[in-house]
Amino acid sequence: MIGYECRRVARWPMVWAILALLLGAGTWGARNAARLHRDQAADIARMTEAEAAWYEDIRARAARYGQPSTEEVPYWQDPTGASGFSRYFLRRFAAKPHLPLSTLAVGQSDLQPFAVPLRLETLFGGDRVYDFEPPRALATGIFDLSFVLLFVAPLCLGIAVAVVGAQERDQGILPLVASQPVRAAHWWSVRLGALAVVLVPGVVVCVLAALAAAGAPIVAAWPETVAATMLVAAQTLFWIAVAGWCVARGHGAVATASTVVGIWLVLTIALPLAGSLALRAVASPPSPVTDVDELRRITDDVQGEADEIVRRGLIAHFGPDAAVIDPGRLDYATRLVLITQEMERRLQHQEVRRQEYRRAASLVARAIWWLSPPVAFQTALTDLAGTGTARHHVFLDQVRAFQLELRDFMYPRVLAQLRSGPSRSCEGCPGRLTFLDYEAIPSFAMGDLPTARRVAAAVSTASWLALVVAAIAVAGVGRGAAWALES
Amino acid sequence: MFARLVRLDIANLLRDRRLAATLTAFSAVFALAGIAAWREVQAAAETKAAVAEAERQRWLSQGERDPHTAAHYSIYAFKPSLALQAVDAGIVPFVGEAVWLEAHLQNDLLFRPQQDATVFERLGLVDPAGLFVRFAPLAVFLLAFAAAAREREPGVLGLALGMAPTRSAYLGAKVASVAGLGVLATVVPIVAIGALSTATNPSGSAEQAGRLAGWAAGAVAYVAIMSTIAVSICALARSVQVACSALVFAWVALVLAALPAASAVAEWSRPLPSFQEMKLVLVDEAPAYWTPESGAEQIATILRQYGAPDVDALAAKQINVRGAQLDLAERRAQAVFDREISGFYDRLADQDRAYARLGWLSPAIAFDVASAALTGTDFTHHRDFIDAAERYRRALVNRLNSDLIPKPAVGGREHTNNADLWSQVPAFEYMPLPLSTGVAPSLAALAALVCWLAGGAALVAHSATHVRP
């Protein structure tokens, strides 16, 4: 019977039209994501080249300023002085490279920065910059593979299941079927099983073909590919089960399609919207405008006490002997070492507020994850692709850690100048020559979660979706135990 | 007779309790999103106004200092949260809302509200017009299906057609009733929130009210267009199954997928240069700190400019070399910003115009563009703020440099100034683009919307001649 049903489903032109639509739209979407990520990778390569050229120039200058000359070079133009270098020449950026299967979903990679320039004096991490993707495109959303899977596929699948599944009912021949020696539950199960047998591999093949057409290394990154396949299969099964449940309840094609659209709306749009409103109700996002106001006030306060702050910092670093150093005679870059630390101390609560909001958002996201299978699916897809907010937060935490590492590297060298005095190590040289160890400057390399962890997370989501599918199937079989001949 | 038909259709539709409940749910979602947006916009507008005033006071009371230090201290400018952002957030969640106007640099706007959004926050973006563009057609399609297709199901379509004076009147009444209820359920709640926001927002003005009226007219047109499409589909479909499938496909194709797809086509047809590459050019050509070589070249230029043989002669002419260098570097940087940043934004605006032209392919695209333009939340309006802030920055920095240039350092002490000078720099007051200028780049979309409306009417007329019981 299953063989007959499978052949019957496979003969429906609508099934093939839907698969063709998913293949076409998915391929276009995957290629859009691939283009975006290719451009971002090219930007990272360009920035790496520019940084290398920058240090090449610095080395050339250092060699020149290390030779006796009548040239006068102020400290802020001298890359051989530790303080001048720390403020005006140190150039490092942190990059978040894309993972092999990033074309699965653009996620937040169109919005969140993939490369963050670092300066020592920026508060709490890298510069607040972003890549300027067209804001109109950000508002409409990128047409990528995950858009097709989240927005287009469920509605198409719902209609296919509704039309194929309720054909006998809509044609008025269901009583004839009911008169045959077959139980209703068996009939519905076989019908929906046949739909699943055709549609699940069909959608999976479309997704794999779309990824391959976009140049994703689906063979080399096989663990991610397998996990993505499981996710897509579970999501497809979920929508077949939802539509099947409606058919088993005795709904016709129209009622089934309408119910599927309604359920999709609630799960995909209404629940996230409710989550956003709930999040605002329980934890308002910190206002950046208020933060700016506070930043400016505290900057004024700190600048007003700058000499005292620098004096205290020097004593803490060098001991009581440092009390003889006049803070007013230090260059700006050296003073900044101690002032920046004081600014961060006084603004720590802003950072705490931001972290608290982030935690509240994560909690709501977790709740929505359990309530809405489409959100769970999208989250798993973006996490697997490495384009989600979770990975970005890991990146930002590492950027902050790297900034502290840079400070640990540079600050002692800047302050050490104060002990070694202003005299130059080379008589008659314009350079101060207190810092030449450019090769020793730390570099950033993002440490990602192991692939196995990301794959395991995706498999967990797929398993959760499979459980939901099983529950819906059990409910559907229960509903469809008797022939619902009256619609 | 026509009015009676419309009244009858509306009464029949409202008699269906499930349909009435669904429409109420749509209204509630739009109203709830609107109220949340209004509260946020209101709070943001008040905060920005208060902090902008505090910034001004800080600027005036910064005390005595080197004018160039004051140019670095400068101010933060905040993009006003306009009343109609409660109606359509447009690109606002995806662009910055504050900019530090300091010397040497045309900084990016900071603090994009959606920067750290999670998956559910981006899916559930609180944006009434965003929801309206995407889901009002669904409400309309539901109404049309209930009004038109369901008469076919029990086989009473022939009877209904026979009772109407003409088939056109029959379908016209369907369109009017569907559009009327659609407007009531989807447009009215948002316009009410918009009116509330206009009345309570500091930016509220007659112009904002005019913009809201324009938005309401556009929204009514959008609902009417969707009603004509839906009623025509239902009339032409041979069965309710086909009508239902066609309506869902039409919604996905014309609305849900059309917006990102059109955006992708616009990006493909008008690709932008790399923003990061542009940033690297700025670092190379307009550095905040110059090298000894470029410093020497600047001095040579300044000597030529003042007809002085050397730096000592400049001092004799009461020229502050550092001030002149800062001024020269600033003006050169401004030329680079004009070429690179403005050039980038020009291309972005061109891409937006390409997107607006795709309004001919879908009324959702046309209304999406028109809505953001009418509410002042599109890139044209955003750029106007960027340009205004940059003009202010340049005026401020140039004024401070001009104070520094004729006052050379005395005994190694640089010239300083005080509130007398700071108060000569006016406060930053941004006047948003007037409607006539702001909407101009979106005229193609508005024209497309009008044509869609005419096309919809023609489609209904065509359907009337082809409808078969």
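Figure 1. The model is predicted: local features need pLDDT of at least 70 and side-chain atom pairs count only at pLDDT 80 or more, whereas totals for chains, interfaces and linings use all residues. Residues are numbered from 1 along each chain as its sequence is written, chains are lettered from A and ligands numbered from 1 in the order in which they are written, and side-chain values use heavy atoms, with hydrogens and water left out. Over all chains there are 37 aromatic pairs, a pair being Phe, Tyr or Trp rings (for Trp, the six-membered ring) with centres within 6.5 Å, stacked if the planes are under 30 degrees apart, edge-to-face if over 60 and tilted otherwise. Phe85(A) and Phe435(A) form a tilted pair because their ring centres are 4.9 Å apart and their planes lie at 45°. The former belongs to helix 3 of chain A and the latter to the loop between helix 16 (389-420) and helix 17 (451-479) of that chain, so the contact ties together parts 350 residues apart in sequence. Helices (H or I, at least four residues) and strands (E, at least two) are DSSP runs numbered from the N terminus.

**Figure 2. Tyr222(B) and Phe367(B) form a stacked pair, because their ring centres are 5.1 Å apart and their planes are at 10°.** Distant parts of the chain are linked here: Tyr222(B) is in helix 8 (residues 206-236) of chain B and Phe367(B) in helix 15 (residues 363-375) of chain B, 145 residues apart. Tyr222(B) counts as buried, at 0% relative accessibility. Phe367(B) is likewise buried, with a relative accessible area of 0%.

**Figure 3. Helix 3 of chain A is mostly covered, with eight of its eight residues buried.** These residues are Ala82(A), Ser83(A), Gly84(A), Phe85(A), Ser86(A), Arg87(A), Tyr88(A) and Phe89(A). They pack against helix 2, helix 13 (332-346) and helix 16 of chain A. Ser83(A), a member of this helix, has a relative accessible area of 3% and is therefore buried. Apart from neighbours within four places in sequence, Ser83(A) contacts Tyr75(A), Asp331(A), Ala333(A), Thr334(A), Val414(A) and Gln417(A), where contact means heavy atoms within 4.5 Å.

**Figure 4. Ser69(A) occupies the loop between helix 2 (13-65) and helix 3 (82-89) of chain A.** With a relative accessible area of 33%, Ser69(A) is partly exposed. Its side chain reaches the backbone nitrogen of Glu71(A) at 2.8 Å. When residues up to four places away in sequence are not counted, Ser69(A) touches Gly428(A), Cys429(A) and Pro430(A). The C-alpha atoms of Ser69(A) and Glu427(A) are separated by 9.5 Å, although the two residues are 358 apart along the chain.

**Figure 5. Aromatic rings form a cluster, and arginines sit over rings.** One aromatic cluster comprises Trp28(A), Phe143(A), Phe147(A), Phe151(A), Trp264(A), Phe135(B) and Trp251(B). In chain A, the charged end of Arg91(A) sits over the ring of Trp54(A), 4.2 Å from the centre of that ring. Arg413(A) lies over the face of Phe409(A), at 3.9 Å from the ring centre. The criterion is NZ of Lys or CZ of Arg within 6 Å of the ring centre and within 35 degrees of the ring normal.

**Figure 6. Chain B meets chain A through 82 residues of chain B and 91 residues of chain A.** The area buried between the two chains is about 7,300 Å², of which carbon and sulfur atoms give 67%; this is the accessible area (1.4 Å probe) lost when the two parts are put together, summed over both. On the side of chain B, Phe120(B), Arg122(B) and Leu123(B) lose the most area to chain A, together 10% of what that side buries.

**Figure 7. No disulfide is counted in any chain.** A disulfide requires two cysteine sulfur atoms within 2.5 Å. The sulfur of Cys246(A) is 12 Å from the closest cysteine sulfur, that of Cys244(B), and is therefore too far for a bond. Cys246(A) is buried, at 0% relative accessibility, whereas Cys451(B) is partly exposed at 39%.

**Figure 8. Ser74(B) and Gln318(B) have positive phi values in residues other than glycine.** For Ser74(B), in the loop between helix 3 (67-73) and strand 1 (76-78) of chain B, phi is near 45°. This residue is buried, with a relative accessible area of 0%. For Gln318(B), in the loop between helix 13 (311-316) and helix 14 (321-357) of chain B, phi is near 60°. Gln318(B) counts as partly exposed, at 46% relative accessibility.

Note on methods
Buried means under 20% relative accessible area, exposed over 50%, partly exposed in between (1.4 Å probe, protein chains only). A polar contact is a pair of N or O atoms within 3.5 Å; within protein, one must be able to donate a hydrogen and the other to accept it, and residues adjacent in sequence count only if both atoms are side-chain atoms.
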